[in-house]
Every structure is written in structure tokens, then in C-alpha cells.
Amino acid sequence: MIELNDKKPLLQVLICTRSKEKGESCGTKGAAEFRDLLKEWAKEQKLTPDIKVTASLCLGHCENGITACLQPSNQWFI
């Protein structure tokens, strides 16, 4: 039997990992690698499951660099 942990994280970090065909995008700037490093760091610091690091589709600021958004506080890092 599979048991699901229904505890919601206190904080979710959304990181844009989209790679566009034309123009700048977070995916082509190493966003997936950044997400993986951040997930690993959270595990090493024993912050999971309170913090969840998740890949996101475009957050609309790819031209400025890798974009991240913290939820539920709606803080943006561009």
C-alpha cells in the first residue's frame, strides 16, 4: 500500500526552466541545473519537506536572467 504525505510545504520555490526557440530564456541560462542544485541543498540542510523546489513554465522575465518565485509569499527573484 502506498501512503501519500498530505503535508503541504511551507514554502515552494518555482524556478522557470523554459527554453524558448527564439529569444532569451531561463532554460538556456542553466535554470534546470540551478533548480537541481537548490533541491540538493534543501535536502542537505534537512529543509524538505517544508521547502519544495519545483520547475516552472515561463514566469515572464526570461530576458532578465533565471527567474524564481517564492510561494505563498509571492516574492520574486529576477
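How many of the 78 residues of this protein chain count as buried? The share is 24%, where buried means under 20% relative accessible area, exposed means over 50%, and partly exposed is what falls in between (1.4 Å probe, protein chains only). Before going on, bear in mind that this is a predicted model, in which local features need pLDDT of at least 70, side-chain atom pairs count only at pLDDT 80 or more, and totals for chains, interfaces and linings use all residues. Residues are numbered from 1 along each chain as its sequence is written, and side-chain values use heavy atoms, with hydrogens and water left out.

**The overall picture**

Let's start with the whole chain. It holds 1 helix and 4 strands, and reading along the sequence gives the pattern β-α-β-β-β. Helices (H or I, at least four residues) and strands (E, at least two) are DSSP runs, numbered from the N terminus. The C-alpha trace spans about 45 × 25 × 25 Å along its principal axes.

The chain has 11 positive and 10 negative ones, and their mean positions are 3 Å apart. Lys and Arg count as positive and Asp and Glu as negative, while His and the chain ends are not counted. Each charge is placed at NZ of Lys, CZ of Arg, CG of Asp or CD of Glu.

**The sheet**

In what order do the 4 strands of the open sheet stand? The order is β2-β1-β3-β4, and the pairing is mixed. Two strands pair if DSSP finds at least two bridges between them. β2 (51-56) and β4 (75-77) are the edge strands; each has a single partner strand, so one side of each is left without a neighbour in the sheet. On average, neighbouring strands are turned by 20 degrees against each other, direction ignored. For such angles, axes are lines fitted to C-alpha atoms (for helices over the stretch in contact), and values run from 0 to 180 degrees between N-to-C directions.

Strands of a sheet pair through backbone hydrogen bonds, either parallel or antiparallel. Here β1 (residues 11-16) and β3 (residues 68-71) run antiparallel and are joined by 4 bridges. In this pair, Q12 stands opposite Q71, and L14 has C69 as its bridge partner. On the β4 side, C69 stands opposite W76. β3 and β4 also pair in the antiparallel sense, over 3 bridges, and they form a hairpin with 3 residues between them.

Is R35 buried or exposed? It is buried, with a relative accessible area of 17%. Not counting residues up to four places away in sequence, R35 touches I15, T17, V53, T54 and A55.

One of those, V53, lies in strand β2 and is buried too, at 9% relative accessibility. Leaving aside its neighbours within four places in sequence, V53 is in contact with V13, I15, R35, L38 and K39. V53 and K39 are 14 residues apart along the chain, with 5.7 Å between their C-alpha atoms.

Most residues other than glycine have a negative phi, and most peptide bonds are trans. Here are some exceptions in this model.

| Item | Backbone feature | Angle |
|---|---|---|
| T48 to P49 | cis peptide bond | omega near 10 degrees |
| Q71 to P72 | cis peptide bond | omega about 15 degrees |
| K46 | positive phi | phi near 60 degrees |
| N74 | positive phi | phi about 55 degrees |

Where do they sit? P49 is in the loop between α1 and β2, and K46 is found in that loop as well. K46 is exposed, with a relative accessible area of 70%.

Definitions and conventions. Contact = heavy atoms within 4.5 Å.
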